[in-house]
Amino acid sequence: MRRSQPGNLPLELNAFIGRTTELTELAAALEAGRLVTVTGVGGVGKSRLAVRAAAGVRPRDGAWLVDLTPLRDAELVEHAVAEALGLTDHTSRPPRQVLREHLAERDVLLVVDGFEHLVDACASLVRDLLVHSPGLRVLAVGRRPLETGGERLIALAPLPEQDAAALFADRAAAGLPRFAVDDGNRADVLELCRRLDGIPLAVELAAGRLRALSPAQLLARLDDRFRLLTGARRDVPLRHQTLRTAIGWSHELCAPRERLLWSRLSVFAGQFDLEAVEYICAGDGLRADEVLGVLDELLAQSVVNREEGPAGVRYRMLDTVRAYGADWLAAAGEATRLRRRHRDWYMGLATWCELEWFSPRQEEVAALVDVELPNVRAALEFCLTEPGEAHLGQYLAGTLWFCWVGCGRLAEGRHWLDRALELDGGHEDSRLKALWVLGYVAVLQGDTVAALGALHACRDGAERSGSAIAAAYAEHRIGCLALVTDDIPRAERLLRSALERYREIGELNSNVLMGQVELAMALAFRGELAGAVELCEEVRRVCADHGERWALAYALYVLGYAAWTRGESGRARELLTESLDLDHRFHDLLGTVLSMELLALFTAAEGDPAEAAVLQGAASRVWPSVGLPLFGSDHFGAPHVLCEEKARAALGDERYEECVRTGAGLGLRAAVARALRTEPGNERTRRLPRPEGRSGDGLKQGELRPGQRA
């Protein structure tokens with residue numbers, strides 16, 4: 001950056017990394033308006049961005065930087081601006097008048113940096129100068145808006161991960177010329193930048209520590225980031241010489257109630273909503289009806305960020321900001337009490353979600369659980385580490401069965417259930433629920449030993465305690481285990497018995513419907529297609545009455561299997577396409593991969609063995625995230641084996657394996673789009689043409705016969 005015009009902008013002493021989009025946005029804002037304010041958390045790079053943007057504007061009479069950071073007296077703001085502009089006036093005229101007269105006919109860009117602690121005085125001056133100086137533009141830089149007329153706001157976010165890594169590499173190489181990001185340290189550098197929220201100040205401070213530590217060592221010590229990240233250059237403002245002082249400056253600017261809410265918000269992990277804040281954070285110095293106003297102030301000061309998504313308006317704190325608040329919460333002795341209130345709220349939310357899973361709000365529940373998962377994890381961790389709370393951890397892990405099973409999180413569910421059941425909670429009902437849910441998860445993962453252990457323990461405990469509901473669920477899931485291990489007669493007997501138990505106790509929910517679907521699958525494997533179809537059509541009717549979509553996807557899978565077996569290929573594809581579409585919307589990996597396997601067979605029958613092999617390859621990539629492929633079952637695996645045999649025969653081994661590798665290279669979204677024959681991103685809209693008829697290799701529609709095993 002060269003100074004070839006009037007002004008006092010500082011020259012850049014090191015590389016400017018990233019921010020291309022932000023610079024373009026800022027330049028456009030300065031073209032469209034006369035007052036633009038860049039806001040953001042401390043250390044996010046507001047000042048550097050503003051100076052770079054100002055240098056590109058090139059007004060006739062220059063761009064001038066006014067640094068208000070060291071100023072403490074609001075009455076001196078006007079003097080500071082005059083001094084920055086190089087004005088000398090020894091008369092008795094007020095400095096504001098001097099500024100008006102100087103700027104009246106000039107084309108000037110004024111960069112006002114660090115005004116947040118003098119916001120009222122600064123806003124008053126800026127407003128007055130803009131009114132009287134038509135050629136003046138102001139670029140304000142602070143942790144909150146000026147909140148004056150005509151202001152355009154640009155909230156500066158942290159750097160993206162790759163740009164943060166590039167910044168880290170550049171600053172590290174300045175102190176260690178031989179340093180470079182390579183295959184040996186790239187993962188550590190990227191994780192370090194992610195953990196530091198991409199805040200440029202934090203990244204630069206971390207890079208400075210490479211004189212003594214490797215990236216891996218830095219990462220290992222990051223839990224105490226405020227002690228670790230110190231020692232910046234002496235030519236930067238005091239508030240930017242350590243990470244603690246950068247965040248602490250924002251803390252000093254907060255009123256007492258704002259500091260209190262900041263500390264209490266630190267119990268949240270990830271996003272949170274207003275209702276949760278009002279329940280968890282109110283009380284003891286902060287009334288519930290005050291929470292919104294205080295939260296709004298924290299938003300204005302860039303302590304909290306506002307986000308919008310499928311679950312509506314939500315809020316988030318950067319991890320670095322949250323960690324600062326957590327230190328204050330611990331110092332106040334409130335950490336355990338707030339974590340318990342946090343756990344109570346999310347346990348209540350999980351209970352509500354379980355009930356609403358069997359309702360028209362099912363997809364809304366799935367979206368809500370997805371965004372709340374970090375908080376749910378924090379609640380589970382509290383239950384499983386705080387003395388006397390283990391039974392609530394068992395209850396919570398069991399209540400979230402729909403999340404583990406229905407939303408594609410089998411492995412995580414297994415983790416929490418195993419941990420919860422290692423503890424003695426002292427509450428049998430919570431333990432029994434966690435046991436049958438663990439058994440269910442293990443069944444779907446293909447872990448027969450763990451499934452039998454959990455389900456038999458649940459059944460025995462139910463008999464001892466007289467819990468009819470736990471007994472029904474244990475029998476149901478033992479029947480499900482028999483189904484996936486090819487013991488079809490036993491599966492049918494147990495599933496019929498479990499469904500009768502459900503009827504006796506008045507249980508009706510998605511699990512009960514899945515019991516009917518599993519019984520239908522057992523009948524289909526035995527060749528009793530009429531009985532299987534009757535059961536699944538009944539499931540469809542109940543799903544329509546209650547707005548249930550997740551269990552419906554599995555009913556459609558069985559109906560599609562039955563239609564194919566009867567030679568109704570068009571109907572079979574239609575049913576499986578709808579099934580896959582629903583499974584993918586819920587992120588249900590098991591349902592998704594089962595449907596993809598069957599659609600691969602349909603595709604081969606329609607004359608496209610190469611595409612069938614691609615779909616098999618795509619399915620092979622998904623199975624490791626679920627468990628044992630096709631449960632190790634001959635019945636569930638028969639379509640896969642038949643498809644592979646026919647595709648190999650048509651393509652030859654080399655071409656078949658090439659197509660499988662192509663499929664294995666697809667991401668899940670692209671794989672589902674190919675299976676549905678849609679464009680990626682439009683899974684629920686435009687369908688591409690599909691071939692009809694039979695293939696040239698002799699694979700006929702309906703070749704998978706009732707009861708056939710590979």
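Reply: Helices (H or I, at least four residues) and strands (E, at least two) are DSSP runs, numbered from the N terminus. This is a predicted model, in which local features need pLDDT of at least 70 and side-chain atom pairs count only at pLDDT 80 or more, while totals for chains, interfaces and linings use all residues. Residues are numbered from 1 along each chain as its sequence is written, and side-chain values use heavy atoms, with hydrogens and water left out.

Me: How many helices and strands does the protein have?
Reply: The C-alpha trace spans about 105 × 60 × 50 Å along its principal axes. Counted by the DSSP runs just defined, the protein has 33 helices and 7 strands.

Me: What percentage of the 710 residues count as buried?
Reply: Buried means under 20% relative accessible area, exposed over 50%, and partly exposed in between, with a 1.4 Å probe and protein chains only. By that cut-off, the buried share of the 710 residues is 55%.

Me: At what angle do H29 and H31 pack?
Reply: Helix H29 covers residues 589-605 and helix H31 residues 634-651, and their axes lie 9 Å apart. Axes here are lines fitted to C-alpha atoms, for helices over the stretch in contact, and angles run from 0 to 180 degrees between N-to-C directions. The packing angle is about 35°.

Me: Which residues in H31 does H29 meet?
Reply: Contact means heavy atoms within 4.5 Å. On the H29 side the residues are Leu 594, Glu 597, Leu 598, Ala 600, Leu 601 and Ala 604, and they meet, in H31, Phe 636, Pro 639, His 640, Leu 642 and Cys 643.

Me: With which residue does Lys 433 form a salt bridge?
Reply: A salt bridge is a side-chain nitrogen of Lys or Arg within 4 Å of a carboxyl oxygen of Asp or Glu. For Lys 433 the closest N and O atoms are 2.8 Å apart, and the partner is Glu 354. This pair links distant parts of the chain, 79 residues apart, with Lys 433 in helix H21 (residues 428-445) and, in helix H16 (residues 335-357), Glu 354.

Me: Why does Arg 19 count as buried?
Reply: The side chains of Arg 19 and Glu 22 meet in a salt bridge (3.2 Å, N to O), and Glu 22 counts as buried at 18% relative accessibility. Arg 19 counts as buried because its relative accessibility is 5%.
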